[in-house]
Amino acid sequence: MRQIIILINSLILLSVSAYSDDFKLEFEWGDIKECSTGNPNRVNNPIFKLSSVPEETVLLKFRMTDKNVPSYNHGGGKVEYLGANIIEPGAFKYKSPCPPSGSHTYEWTITAIGDKKKKLGKAKATREYPE
């Protein structure tokens, strides 16, 4: 009986890791305005291209981190997931990149959420701004 339970738990862990390993993200900055941090309501998000989004996803949660200044809160947003693999500008508002000099490296993390707020997987992508 114990071997069956261990086998079932192993299969569950494999299926959960398959979600997070397969879920991928790419993004383009597009036409966002640099340093639009004073009024985040005027900033469009980048263009996001997703692949292998977990099947039971109902919501995508976005978060941006400046890898050079990780303590700065750029925020993010939430988008209802209806099966589209491209999230266009204007889907949510956040504080745009604003490197004080030169460029910084920014990382977007997208968390796929299912029913009952269950986390199904995460995807990350990193890019410099300005490029």
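Is Lys117 buried or exposed? I looked Lys117 up, and at 73% relative accessibility it counts as exposed. The cut-offs I use are under 20% relative accessible area for buried, over 50% for exposed, and partly exposed in between, with a 1.4 Å probe and protein chains only.

**Ground rules.** I note that this is a predicted model, where local features need pLDDT of at least 70, side-chain atom pairs count only at pLDDT 80 or more, and totals for chains, interfaces and linings use all residues. Residues are numbered from 1 along each chain as its sequence is written, and side-chain values use heavy atoms, with hydrogens and water left out.

**Lys117, continued.** I placed Lys117 in the loop between strand S6 (104-113) and S7. Strands here are DSSP runs of E, at least two residues, numbered from the N terminus. The phi of Lys117 is near 60°, a positive value in a residue other than glycine. Most residues other than glycine have a negative phi, and most peptide bonds are trans.

**Ser52.** I found another positive phi at Ser52, near 55°. Ser52 sits in the loop between S2 and S3. Its relative accessibility is 46%, so Ser52 counts as partly exposed.

**Positive patch.** Next I looked at surface charge. Lys61, Arg63, Lys78, Lys117, Lys119, Lys122 and Lys124 gather in a patch of positive charge. Strand S3 (59-66) and strand S7 (119-129) are the elements that give two or more residues to this patch. S7 supplies the largest share, three residues. Lys124 lies in S7. For the record, patch residues have over 30% relative accessible area and no salt bridge, and like charges are joined within 9 Å. A salt bridge is a side-chain nitrogen of Lys or Arg within 4 Å of a carboxyl oxygen of Asp or Glu. The place of a charge is NZ for Lys and CZ for Arg.

**Aromatic pairs.** How many aromatic pairs does the structure hold? I get eleven. Rings of Phe, Tyr and Trp (its six-membered ring) pair if their centres lie within 6.5 Å; planes under 30 degrees apart are stacked, over 60 edge-to-face, the rest tilted.

I took Trp29 and Tyr129 to begin with. Their ring centres are 5.1 Å apart and their planes stand at 75°, so the pair is edge-to-face. Trp29 is in the loop between strand S1 (24-28) and strand S2 (47-51), while Tyr129 is in strand S7, 100 residues apart, and the pair links distant parts of the chain. Both Trp29 and Tyr129 are buried.

Then I took Phe48 and Phe62. Their centres are 4.8 Å apart and their planes at 45°, so this pair is tilted. Phe48 lies in S2 and Phe62 in S3, so the pair ties together parts 14 residues apart in sequence. Phe48 is buried at a relative accessible area of 0%. Phe62, at 2% relative accessibility, counts as buried.

I checked the peptide bond that joins Tyr129 and Pro130, and it is cis, with omega about -10°. Pro130 is in the segment after S7.

**Thr65.** My last stop was Thr65, in strand S3. At 24% relative accessibility, Thr65 counts as partly exposed. Thr65 and Glu107 are 42 residues apart in sequence and 5.2 Å apart in space, C-alpha to C-alpha.

Notes: Patches are made of residues with over 30% relative accessible area and no salt bridge: like charges are joined within 9 Å, nonpolar side chains (Val, Leu, Ile, Met, Phe, Trp, Tyr) within 5 Å. Accessible areas come from the Shrake-Rupley method with a 1.4 Å probe; for residues, only the protein chains shown count as cover. Lys and Arg count as positive and Asp and Glu as negative; His and the chain ends are not counted. Helices (H or I, at least four residues) and strands (E, at least two) are DSSP runs, numbered from the N terminus.
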